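Please look over the sequence and the structure below before reading the points.

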Amino acid sequence: DFGTAKKYYNESIQVNKDLNNLSYLAESYIALTNLFKKTGQIDSCLYYAKIGLSIYRKNGEPQGLLTASKLISSVYRESKNVDSAFAYQSMTLLLADSLNLTEKIKQLENIGFSEQLYAQQLVEQEVAYNNRIRTYAMLTFSGVLLLIGIFLFRNIRQKKRVNELLH
């Protein structure tokens with residue numbers, strides 16, 4: 001029912017104004033705009049859509065700006081107002097390009113971050129490998145010293161025995 005939906009959207013607008021919640025306020029205006037669009041009330045549709053667009057602009061929400069400008073463009077196109085439709089369509093394309101560029105930049109940053117993580121993992125693996133080599137070298141050296149000690153101890157005992165037998 002149009003009347004009930006309009007009532008709830010207006011309540012939502014009031015609540016979001018009271019809470020100073022600009023994101024949801026703009027969404028409420030856009031939802032109300034869609035309601036008026038379905039009923040063919042072009043003037044009300046454009047009025048509320050422009051309010052939503054203004055709030056998105058003030059709040060710096062590019063995705064919301066894109067949504068609102070698409071909606072306004074489609075309303076103007078349906079009402080055969082070609083100049084205004086073209087202006088908002090141009091805005092929509094610029095915003096879409098901007099959002100795509102932002103996404104591509106994020107993707108490149110993620111690639112750079114992944115490369116940094118990979119390089120860090122390689123350094124950690126190299127350090128771990130060098131530590132293992134160092135540990136094995138120390139164990140080997142200790143084993144060799146132990147063998148030399150055992151050999152010397154055995155030789156000294158044999159010399160003592162030989163000396164005792166000779167005396």
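1. Overall make-up. This is a predicted model, and everything that follows should be read with that in mind. The protein chain contains 5 helices and 0 strands, and when it is read along the sequence its pattern is α-α-α-α-α. The radius of gyration of the protein chain is 39 Å, well over the 15 Å given by the globule rule for 167 residues, so the chain is more spread out than a compact globule. Along its principal axes, the C-alpha trace of the protein chain spans about 130 × 35 × 25 Å.

2. Helix H1. Helix H1 covers residues 2-19, which is 18 residues, and from its first C-alpha to its last it reaches 26 Å, close to the 26 Å expected at 1.5 Å a residue. Asn-20 follows H1, and the phi of Asn-20 is positive, near 55°.

3. H1 against H2. H1 and H2 pack at an angle of about 160°, and their axes are 8 Å apart. Because angles over 145 degrees count as roughly antiparallel, H1 is roughly antiparallel to H2. Their crossing is left-handed. On the H1 side the residues that meet H2 include Phe-2, Tyr-9 and Ile-13, while on the H2 side Tyr-24, Leu-25 and Phe-36 are among them. The residues of this contact of H1 with H2 divide into 11 nonpolar, 5 polar and 2 charged.

4. H2 against H3. Helix H2 (residues 22-39) and helix H3 (residues 42-59) also have an angle of about 160° between them, with axes 8 Å apart, and H2 and H3 are therefore roughly antiparallel to each other. H2 passes H3 in a left-handed crossing. The contact is made, on H2, by residues including Leu-22, Leu-25, Tyr-29, Ile-30 and Phe-36, and, on H3, by residues including Cys-45, Tyr-48, Gly-52, Ile-55 and Asn-59. By class, the contact of H2 with H3 has 13 nonpolar, 5 polar and 2 charged residues.

5. H2 against H4. H2 packs with helix H4 (residues 62-78) at an angle of about 20°, with their axes 11 Å apart, and that makes H2 roughly parallel to H4. The crossing of H2 and H4 is again left-handed. Ile-30, Thr-33, Asn-34 and Lys-37 are the H2 residues in this contact, and they meet Thr-67, Ala-68, Leu-71, Ser-74, Val-75 and Glu-78 in H4. The contact of H2 with H4 divides into 4 nonpolar, 4 polar and 2 charged residues.

6. Residues of H2 to follow. Which residues of H2 meet H4? They are Ile-30, Thr-33, Asn-34 and Lys-37, and of these Ile-30, Thr-33 and Lys-37 are also listed in the contact of H2 with H3. On the other hand, Leu-25, Tyr-29, Leu-32 and Phe-36 of H2 take part in the contact with H1 and are also listed in the contact with H3.

Notes: Residues numbered from 1 in each chain as written. Predicted model: local features only at pLDDT ≥ 70, side-chain atom pairs only at ≥ 80, totals over all residues. Heavy atoms only, no water. Axes fitted to C-alpha atoms, helices over the stretch in contact; angles between N-to-C directions. Helix = DSSP H or I, 4+ residues; strand = E, 2+ residues; numbered from the N terminus. Parallel < 35°, antiparallel > 145°, perpendicular 65-115°, else oblique. Left-handed = near helix turned anticlockwise from the far one by under 90°. Contact = heavy atoms within 4.5 Å. Nonpolar A, V, L, I, M, F, W, Y, C, P; charged D, E, K, R; others polar. Expected span 1.5 Å × (residues − 1). Rg over C-alpha atoms; globule rule 2.2 N^0.38 Å.
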